[in-house]
Amino acid sequence: MKDLGLLLLRVSSAVLMMTHGLPKFQKLIGGNFEFGDPIGIGAAPSLFLAVLGEFVFPILVIIGFKTRWATVPTIITMLVATLIVHGSDPFNVKEKAILFLITFTSILLLGPGKYSLDKK
């Protein structure tokens with residue numbers, strides 16, 4: 001049962017994260033690099049990193065490939081969203097980023113389970 005729970009946690013959270021990353025991915029491949037610059041590296045690099053954290057690496061989490069490592073970019077992205085992008089916002093605005101942060105940190109700590117390419 002534990003492994004089914006890990007599969008559900010992994011797949012559902014990564015799919016939900018991808019719903020936020022897909023528009024950014026489409027923006028990136030469409031050549032529109034207008035984006036916030038929360039950590040001062042420029043809009044285009046910030047967009048690229050957000051796409052990695054919210055779209056590319058969640059695909060690896062879904063299939064369970066290098067799962068623990070794949071959670072790290074998403075965790076960093078959600079830390080930036082929570083502490084910088086929504087830092088001064090009320091809790092109900094940053095709540096989603098916090099939930100994603102907790103979920104992907106849990107996956108990092110627990111691992112992918114046996115229903116993954118990592119099979120741990």
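**Helix α1 and its neighbours**

Guide: The buried residues of α1 pack against α2 (43-63), α3 and α4 (91-110). Contact here means heavy atoms within 4.5 Å, and buried means under 20% relative accessible area, with exposed over 50% and partly exposed in between (1.4 Å probe, protein chains only). Helices (H or I, at least four residues) are DSSP runs, numbered from the N terminus. This is a predicted model, where local features need pLDDT of at least 70 and side-chain atom pairs count only at pLDDT 80 or more, while totals for chains, interfaces and linings use all residues. Residues are numbered from 1 along each chain as its sequence is written, and side-chain values use heavy atoms, with hydrogens and water left out.

Visitor: Which residues of α1 are buried?

Guide: Among them are Asp-3, Leu-6, Arg-10, Ser-13, Ala-14, Met-17 and Met-18. Gly-21, Lys-24 and Leu-28 are also buried.

Visitor: How many residues does α1 have, and how far does it reach?

Guide: Helix α1 covers residues 2-29, which is 28 residues, and spans 38 Å from first C-alpha to last. That is close to the 40 Å expected at 1.5 Å a residue, the expected span being 1.5 Å times one less than the number of residues.

Visitor: Where does α1 bend?

Guide: At His-20, by about 35 degrees, and Pro-23 follows within four residues. The bend is the angle between axes fitted to the seven residues ending at a residue and the seven starting there. Just after α1, Gly-31 has a positive phi of about 85 degrees.

Visitor: Back to Asp-3. What is Asp-3 in contact with, leaving aside neighbours within four places in sequence?

Guide: Gly-113, Lys-114 and Tyr-115. A polar atom of the Asp-3 side chain lies 3.0 Å from the backbone nitrogen of Lys-114.

Visitor: Is Leu-4 buried or partly exposed?

Guide: Partly exposed, because its relative accessible area is 46%.

Visitor: Changing topic: which residues make up the largest nonpolar core?

Guide: It has 12 residues, including Ala-14, Met-17, Val-61, Met-78, Phe-100 and Phe-104. The elements giving two or more residues to this core are α1, α3 and α4, and the largest share, five residues, comes from α4. Such a core is a set of buried Ala, Val, Leu, Ile, Met, Phe, Trp, Tyr and Cys residues joined through side-chain atoms within 4.5 Å.

Visitor: And what lies apart from it?

Guide: Another core, of five residues, among them Met-18, Leu-47, Val-51 and Phe-55.

Visitor: How many salt bridges does a search of the whole structure find?

Guide: One. The side chains of Glu-54 and Lys-24 meet at 2.8 Å, N to O; a salt bridge is a side-chain nitrogen of Lys or Arg within 4 Å of a carboxyl oxygen of Asp or Glu. Glu-54 is in α2 and Lys-24 in α1, 30 residues apart.

Visitor: Are those two buried or exposed?

Guide: Glu-54 counts as buried because its relative accessibility is 8%. Lys-24 is buried as well, with a relative accessible area of 19%.

Visitor: Last one: where is Thr-74?

Guide: Thr-74 is in helix α3, residues 67-85. It is buried, with a relative accessible area of 0%. A polar atom of the Thr-74 side chain lies 2.6 Å from the backbone oxygen of Gly-53.

Note on methods: Polar contact = N/O pair within 3.5 Å; in protein donor to acceptor, adjacent residues only side chain to side chain.
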